[in-house]
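Subject: Structure for your review

Dear colleague,

Please find below the structure that I am handing over to you.

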Amino acid sequence: VTNSCVDIGDVVLVAQRSGAVGVMTDVVVVAVANGSFTLSVMNNNPAAGTAETGAIILNFLVLKAVSV
C-alpha cells in the first residue's frame, strides 16, 4: 500500500471491514517502509470450498512513531 504519511518507524494496524467469508480470512502487516506498507492476505479454509472470491474492504490506522 502506498501512503506518503507512513514512515519506517510507524505502526500500521489493519482490519477487514467486509468480505464474503471474512471470518476465515486473515490480513496482517508484514513490512513498513517510508511511504508504504505491505499486507499479506491469507485464506485459512481453502479445502472446505469457502475461499474468498469477492473483493474485501480493509481499514487501516497509522500510529506515528515519536523520537525523544
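**Salt bridges around K64**

The side chains of D10 and K64 form a salt bridge, with an N to O distance of 2.7 Å; a salt bridge here is a side-chain nitrogen of Lys or Arg within 4 Å of a carboxyl oxygen of Asp or Glu. This pair connects distant parts of the chain, since D10 lies in the segment before strand 1 and K64 in the segment after strand 4, 54 residues apart. Helices (H or I, at least four residues) and strands (E, at least two) are DSSP runs, numbered from the N terminus.

The model is a predicted one: local features need pLDDT of at least 70, side-chain atom pairs count only at pLDDT 80 or more, and totals for chains, interfaces and linings use all residues. Residues are numbered from 1 along each chain as its sequence is written, and side-chain values use heavy atoms, with hydrogens and water left out.

The salt-bridge rule gives a count of two. K64 also meets D7 in a salt bridge, at 2.9 Å from N to O. Because D7 lies in the segment before strand 1 (11-18) and K64 in the segment after strand 4 (57-63), this pair ties together parts that are 57 residues apart in sequence.

Buried means under 20% relative accessible area, exposed over 50%, and partly exposed in between (1.4 Å probe, protein chains only). Through shared partners, the salt bridges join D7, D10 and K64 into one network.

**Nonpolar patch**

V11, L13, L61 and L63 make a nonpolar surface patch of about 330 Å². Strand 1 and strand 4 are the elements that give two or more residues to this patch. L13, which is found in strand 1, is partly exposed at 42% relative accessibility. Patches are made of residues with over 30% relative accessible area and no salt bridge; like charges are joined within 9 Å, and nonpolar side chains (Val, Leu, Ile, Met, Phe, Trp, Tyr) within 5 Å. The areas come from the Shrake-Rupley method with a 1.4 Å probe, and for residues only the protein chains shown count as cover.

**Strands 2 and 3**

Strand 2 (residues 25-33) and strand 3 (residues 36-43) run antiparallel and are joined by eight bridges; two strands pair if DSSP finds at least two bridges between them. T25 has N43 in strand 3 as its bridge partner. The hairpin of strand 2 and strand 3 has two residues between the strands, and G35 takes a positive phi near 90° there.

N3 is found in the segment before strand 1 and is buried, at 18% relative accessibility. The side chain of N3 reaches the backbone nitrogen of C5 at 2.8 Å. Leaving aside neighbours within four places in sequence, N3 is in contact (heavy atoms within 4.5 Å) with G35, S36 and F60.

L58 has its place in strand 4 and is partly exposed, at 27% relative accessibility. Which residues does L58 touch, not counting those up to four places away in sequence? They are V14, A15, Q16, R17, V27 and L39. The C-alpha atoms of L58 and A15 are separated by 5.7 Å, although these residues are 43 residues apart along the chain.

Yours sincerely

Methods: A polar contact is a pair of N or O atoms within 3.5 Å; within protein, one must be able to donate a hydrogen and the other to accept it, and residues adjacent in sequence count only if both atoms are side-chain atoms.
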